[in-house]
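Visitor: I am new to reading protein structures, and I would like to learn how to go from a whole chain down to a single residue. Could you guide me through one?

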Amino acid sequence: MNTIYKLSFAILLLAGFTSCDSFLDRKPLAQVTNDSYFNSETNANSATIGMYRTMTSSFTYGQTMVIVPEFSAGHVSHASIFPEYENFKTHNLAATNPWVANAWQGIYSTINAANNIIAQVPEMPENTISEEKRAQFIGEAKFVRALNYFFLVRAFGRVPLKLTATTEDEDVAIPQSEPSVVYEQLVKDLTESITELPEAHETAEATKGRATKNAAQALLAKVYLYQASITGEYALAANAATEIINSENFQLVDNFGSIWSSENTAESIFELQFDDQTTNPLASVSNDNASMLFYVDASILSLFEEGDKRQDFSIFRGSNDRYYMGKFPNATPPSQNLPIIRLAEILLIHAEAEARASNSVSDLAFSSLQKVLTRAGVTKEKSEFTTVDSFVKFIQEEKERELLFEGETWFDFCRTELALEKYETLANENGFVYPIPTAQINLRPDILVQNPGY
Amino acid sequence: MKHTLYAISLLFIPYWALSANDALPSSKKNLNDLNLFWTTPFDAQDSLITVQGSVKDEQNKAIAGTIVSVKGETINAVSDEQGLFTLEMKPDASLIFNKTDFTRHEEPVNNRSEIHVVLKTAEADSAVGNASITDITDTTGIPRPTPSSPTTSISSSDSTKNDQNVVQGTVSDKNGPITGVTVSIKGQPTSAATNEQGQFSIQANPGDVLVFSVVGYKAYEESTNGSGKLDVLLNEESKTIESVQVVAVGYGTMERATLASSVSSIGADELENEVLPSIPQAIQGKAGGVQVTQKSGSPGGGLNIRVRGTTSINASSDPLYVVDGIPVNSTTNFTGGSDFNFGGGTQGINVLSSLNPSDVQSIEILKDAASSSIYGARAANGVVLITTKKGDPGTSQFHFNMYEGYSEMPSERKYEMMNTEQYQDYMRDYYYFRQQEDPTSTIPDQIVANPNMNTDWQDAVFRKAGTRSYELAASGGSEKTQYYTSLGYMRQGGILLNSDFNRISGRINLNHQHNDKLRFATAINVTRAENDRVQEENSKEGPTKNGIFSPPNIPVYDAQGGYAYDQVTASRENPVAMLMLPTNNAQTWRVLGNVSAEYQFIPSLTLKTSFGTDISFIDETFFMPPNGIRSFASQGGIGARRNTRDQLWINETTLTYDKLFGDHQLNALGGFSVQESRLEFVHAQRSNFPSNDIEHINAGGVIMRADAYPEEWAIASAFARVNYNYKRKYILTANLRTDGSSRFGRDNRWATFPSFAAAWRLTEEDFIQTIPVISDLKLRASWGITGNQNIGNYASYSLYAGGNNYLGMPGFIPSVLGDRNLKWETTRQSDIGVDVGLFDNRISILADYYHKKTSDLLIGVPILTNAGYTNRFTNSGDIENKGFEFELTTRNFVGDFKWSTSLNMTFNRNKVLALPDGVNEILGGVSSINIAREGLPLGSFYGWRMIGVNPETGMIDYEGRNGEPVRAEDDQDRQIIGDPNPNFFGGITNTFQYGNFDFSIMGQFSYGNDIFNYNLANGLEGYNASSNAFVDWVDRWRQPGDVTDMPRPTPGDFNNGAVSDRFLEDGSFFRLRNITLGYSLPQSITERMKVSKLRAYVTVQNAYVFTKYRGFDPEVSSSHGGANTGLIYGYDYGSYPQPRIFTAGVNLSF
């Protein structure tokens, strides 16, 4: 009997002592903890890849960041007249609108992915990553951070400028920065990234789909243009655009529609890559099929003058006497790429900035515009533009035609205040920016301030 | 590690206790000791049934004074003048009939409620009868010294048989002869007392009535029969039903009488006569403090169970389920670990529906901390113990049960929609206003087409569906080996087209007594459950949420026989197509196995070790065909297959010490447990299917997903419990459990959960015993701490997650912001309770007041999204639940016509005491309708308050901050508009029996809870361009000056559909949940048929719901998908209605 007692006693003890802690130490099997993630070049690369992936979600460039400004610009309608979309179109926006909150959330998760790379990659030990790749990943992250803050500052005005990777112990409540401060940061990020980024990546797809020197340069031109509304320094935008144009790395393609019907054309400077698995949510609901949610307002047909080659591609007539967006043709499966910056826009930026900087409709400025017009099959004479203002206004309208359904018109019209003229329902300039999402303000009313008018 | 040692040392309690007291010989006489020992570590508790019967002799004459005792128990009765008796006992017990001059007779009860026996005249040696009294404990398999003296004395009494004036005999109770019993002759001063052998001798004439009395026993009278010999068996003083009831308490069982904590018990008798699709439904409306809410009426669908309120915001508030000692996978709403959102939502799988309720012997719900804390870290939401049936030695029985029936949509619960004429009138109005805003818009042709067509979409999507069940069970065994084995098939058709659930289950329970000391047991349950699910709640195109609002002027099918579609609202599917075309099938295979060995060192000390496993395979097939479902057309349909394997193993070892030292009874338990669980998913998905023909993913053209990943968690525990009582009068219980869980931060992994309880049985006090009304009275008090760890497996880690690919390369993104210091959610609970039995226990009451405070809530605190995360899991905040609950059982009539009533009610009050620092409120639910705010009940409704329809504009005015009428635009104007928590809820069951008929009616109720009825929003908001809506629109505002409560249609304007009290309704209800009428064939017939029982019955489930609620069913709990849904309460998002089910069935035993 004694033996049995001893034995059971031993069993009890044994079970108690044998490495309970290792039994209970269950690290995630399919995920990696933050503190141990950045330990190799391949992992750092995967973090960079993942950062781009966040831009494909329906809260970001996958849908919201494109379609919402298009509603604001009055170009599109929702099949079931959902007020949450229609309210953008009527410029009667509540701070509780879900798409405002979704975009805010989606964009900041991309920014956090970028911030993590910017914070952690420089800390990686020398033997784990080559200096070339280290610079590249940091540069890519700065580019992506700039691209997303650029959307935020245009859409919301004053936004929290968070430049640190979020950690467990950090107080994430930071006050909003003035747009001018945000623009300064954008210029800083982009200028640095130009030095860090490579000219090209391993594949043609990656060269378009990941940040390059040219992409950063092109985005910088666009950022300078918007910043110039504050600073008045249009020459910076003109110079940055000129560098891209003169690099001759990009050419306008003859067939306007091929920019979207094929992929990664010579015109494309930065193009978000979708495929069968990374699908484009907007493409799946924007075509003439049973899944359609967004269609085109017939009224915008009048934007184009007769003979403009872009019209038939951009707006096509489908079933139910409805018009549809033509720039998302690859819908089955929805692998439609999204060109975010392309040469035509840079040319138009150059035309405007050059004219404003020189305060004249110079040959240089006009020739850039003309390249875009010629491809569209539209002829204009320089003499038609008697003042810089009329030239600039025409460029705005030309951008609306050229960049239709690319999420640009609304911001451009607000930048130049043309929006007040174009949209009857827009009461005043308070409407240029969207409201800060209510739920965010409710969380920290002491830190966040609502935009005027909401 | 330190903690482990601490807890392990507790295990030594029994060890030391043993060494100190081992020398004491076990009390020879005390059967309670024996009983308690026996029931504590191992055996199942059987709920009691009432058995009535008669005793006759071979001449068919009634025999009065027969002692009828339950084999192995301290329960007995004496037959009256008509030979009738009534007894409470386990359904599988055996009765022993003892009567002087008749042969002892043993009769298995076999679940009968009536037993009629014929006793044979005894042989000359009457000792046989008496010897048998001592036999009754043999079933326990524990040797007990046979009291030999009575036998001897009775034998010797034969010699005095002819002495006319002297009556001799023995007085005994279950345990043997009783000393000091006063024997007197009624009406005469003569009296005598029994000696140490229980013998007496008294002068009496034939016909005199002898009275036997002694403290602690019921007085007993019997006339002398002239033989000069009279043996009497005395009953102990009456006890409540509960006093002999044994309840499972986790790692053992306890007598209800000496239980100091709060436990609700539901026995087999309450389960057997009901038609139950799954186990949680057995609890519904039956236990005080326990609220079981059917999330939806879909067969096999999810349930919501709350024991004494909701304790958490983000961690699950589901109780822990323990089946035969194994804490099982008990997700009642499994939606998988992937984010696969099939067409807007898939309903969960109730994993518990894979157990067959007929195999269940009893269900206990451990409610207070004193009872539940033995399960420590997982017990904060209560523990549900499920014990399955075992075979009885010396019996061999077959049970066959079947029912057939059908379900239907209760027609009175349908919404009243506009007919086509009203609809088209309304739509013309709608487009009138649309043209005001957009002059270019026109009224689509479809809106005004088919004025004579009137499609009732509710009729189109609902159906009558069959339901059936067949079960065969065999049980029995020898003294050494017992078995229970069963095979069951159940099928329940859903009332929405194409929804279905069926289950095949098999079980084998085996117990084997190897020798006096060693015992083995094994239980294996294998189930296959198949669930054909349909799009319903949470699905944007669910027929019950959106489909029923389809225009009435379009047909279900077009002229070519295909499905017809609403062309105006392109996002609306044809609801019939939505039900019929997609495949959403889940097959669950479940293996639940348990082996245990029990070694009894000495009668008071037992070591038990068990190894259990629970493996679920959930295999889901999804297919959304390319043709017919418009929102999937552009992708060419999608198909997916998801395999989930959820497996756990557990090893538990306990040492139990149980001993009586004079008046002191000690029961101590110590043990440890290790459990590991692993969950694996494989998910593959393709799109671009060529046609609807093949639903399997190999036919798809584009691979969209191919995922597989595992998750693991583990828990290690040590625990100890000590029960002590003095004279069964003063009772003390202490528990301690130490748990270590892998789910928490490294430094906060271990926690200790103590609890204490005390009880005082006043009925054991002399001053109470003088009050005849009170037959049982016990006061209880307890305090303890329990924990909750129902969170994600890796919530303490900040994580990078893979699978975020781009450019065909693997991508990782920061996915979770963790808290490395994450620890347990802790609930402190106090409980004061009373058990009362009145009027000979015709009325019995269990009542409790409790107070639960949960702190360090495991909560996903919403953080500013500029962090890149939407929330962060941490410990913060406090929630309080306090309440009063009672269970009242009355036996109103006990004669030929029997009527008993059980009523339970719970009054729970929930309040958020504190939220995380800097967080004033947390919003949840769709459109942020639910709020958590300090001082308010959890999940209070937060929205705009409607003033009324503005007679000038036809728009709804809401109450602004300062009481002024406003539009629903500014968030600051939202206010608290309702509370989803009921004032009280409960259930009432009445059972009647007359002759061979039995009738029961069960009601379930809830009072004072509000429901946010999203369907009202759909039917009353008025901004959809083609939706039909409720008939209320007929009374809408049409022109300035109209005073009405229905506004005008508002194209593209949210105002009238804002989350407001306009869509909030009183969810109080009283449901006639079950009405059953049964008839058992009389024994005279069944005997001829050679069966022991044959009962036929008819049942109506969900017969009627009395409620003011407009929706399909007031008992709703839309969860919006997942299991841990956070702040979503009292929300009807197009729930699957609960069916009315008619069934007829047969119970047969032989």
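Guide: Let us begin with an inventory of one chain, keeping in mind that this is a predicted model. Chain A has 21 helices and nine strands, and its C-alpha atoms fill a box of roughly 110 × 50 × 45 Å, taken along the principal axes.

Visitor: What percentage of the 454 residues in chain A do buried residues make up?

Guide: Buried residues account for 61% of the 454 residues in chain A. As for the surface, chain A exposes about 16400 Å², and carbon and sulfur atoms supply 51% of that area.

Visitor: How should I describe two helices that pack together?

Guide: Two packed helices are described by the angle between their axes and by the distance between those axes. In chain A, the axes of helix H16 (residues 343–358) and helix H18 (residues 388–402) come within 10 Å and cross at roughly 170°. Because angles over 145 degrees count as roughly antiparallel, H16(A) is roughly antiparallel to H18(A). The residues of this contact divide into nine nonpolar, one polar and six charged; among them are A:Leu348 and A:Ile349 in H16(A), and A:Phe391 and A:Ile395 in H18(A).

Conventions
Residues numbered from 1 in each chain as written. Chains lettered and ligands numbered in written order. Predicted model: local features only at pLDDT ≥ 70, side-chain atom pairs only at ≥ 80, totals over all residues. Heavy atoms only, no water. Axes fitted to C-alpha atoms, helices over the stretch in contact; angles between N-to-C directions. Helix = DSSP H or I, 4+ residues; strand = E, 2+ residues; numbered from the N terminus. Parallel < 35°, antiparallel > 145°, perpendicular 65-115°, else oblique. Contact = heavy atoms within 4.5 Å. Nonpolar A, V, L, I, M, F, W, Y, C, P; charged D, E, K, R; others polar. Buried < 20%, exposed > 50% of the residue type's maximum accessible area, 1.4 Å probe, protein only. Areas by Shrake-Rupley, 256 points an atom, 1.4 Å probe, with all protein chains shown as cover.
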